[in-house]
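Morning, everyone. I have one structure to go through today, and I will keep it brief.

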Amino acid sequence: SLLAAAPAAMATDIIVVSHGQASDPFWSVVKNGVERGAKDTGANVEYRAPETFDMVAMSQLIDAAVNQEPDGLVVSVPDADALGPSIENAVAAGIPVISMNSGGDAAKELGALLHVGQSEYDAGKAAGEKMAELGGTKALCINHEVGNISLDDRCSGFEEGFGGEVTVLPTTNDPTEIESKVMAALDSDGDLDTVIALGASLAGEPTVAAVEAIGRTGEVMVGSFDLSGGFLKSVSAGNAAFAIDQQQFLQGYLPVVFLAMHAEFGLM
């Protein structure tokens, strides 16, 4: 019969490529959002990320995704210069692209349909204003992923909002290294009274530990981007000032849902 000849509805294929390393608890929450989006929409969704913060590896993952001709592609854009050509190739191939987490301004120019994430400069500025209001005068901004434009934007925004002296402390994303570098910085400069971390579990928690280790809890104010159980306990105990939640579950979830709706109904 003619009815039997109707093709089965094609499943929607979406590929997510982030720069987030598996070792970072922040990104496991993004991945949970991606998986929930897949479950709620019935789309086939694959999540891929390089082993380390590596833009060459990440651009290769995007190129490989483009070759699979998915119905949608989600990318984080921590370095638009490095990833731009691969993202433009996806757009040129007619693949709908949504950016998430980082690089919202650049992604629009590269042809992404929309961005899901916080404005990093504005969030940094709000953090700086808050810490100045709380009495901070001289600050450290810990950059645990050098080369990630979002983290540079947070530190620049923080500096503008803070108004006082701000030094950027470059580190890796190893909490042990962060703790020892923060201890050394605070040891060498007794005027430092403020530290902003750009990730709660990787940098915020070791910063609280460093302040405690040198006996300056209550004197040195600590704030962080993102949330973690340990850091929230520190805020609750009064050993940290605040954490800024950028809702990373939604950064994984919403792009998948938007692209599934786009593939099925043409809506964006």
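**Notes on one model**

Let me start at alanine 185, which is found in helix H7, residues 175-188. Helices here are DSSP runs of H or I of at least four residues, strands are runs of E of at least two, and both are numbered from the N terminus. Before going on, the provenance: this is a predicted model, where local features need pLDDT of at least 70, side-chain atom pairs count only at pLDDT 80 or more, and totals for chains, interfaces and linings use all residues. Residues are numbered from 1 along each chain as its sequence is written, and side-chain values use heavy atoms, with hydrogens and water left out.

Is alanine 185 buried or exposed? It is buried, at a relative accessible area of 14%. Buried means under 20% relative accessible area, exposed means over 50%, and partly exposed is in between, with a 1.4 Å probe and protein chains only. Leaving aside residues up to four places away in sequence, alanine 185 touches Leu140 and Leu192, where contact means heavy atoms within 4.5 Å. From alanine 185 to glycine 230 is 45 residues in sequence and 23 Å in space, C-alpha to C-alpha.

Now the whole chain. The protein has ten helices and ten strands, and its C-alpha trace spans about 80 × 35 × 30 Å along the principal axes. Of the 268 residues, 47% are buried. Take the contacts between residues at least 6 apart in sequence: 72% of these join residues at least 24 apart.

Most residues other than glycine have a negative phi. Glutamate 69 is not a glycine, yet has a positive phi of about 50°. Where is glutamate 69 found? It is in the loop between helix H2 (55-67) and strand E3 (72-75), and it is exposed, with a relative accessible area of 65%.

Aspartate 226 is also not a glycine and has a positive phi of about 70°. This residue lies in the loop between strand E9 (221-225) and helix H9 (229-237). Aspartate 226 counts as buried, at 7% relative accessibility.
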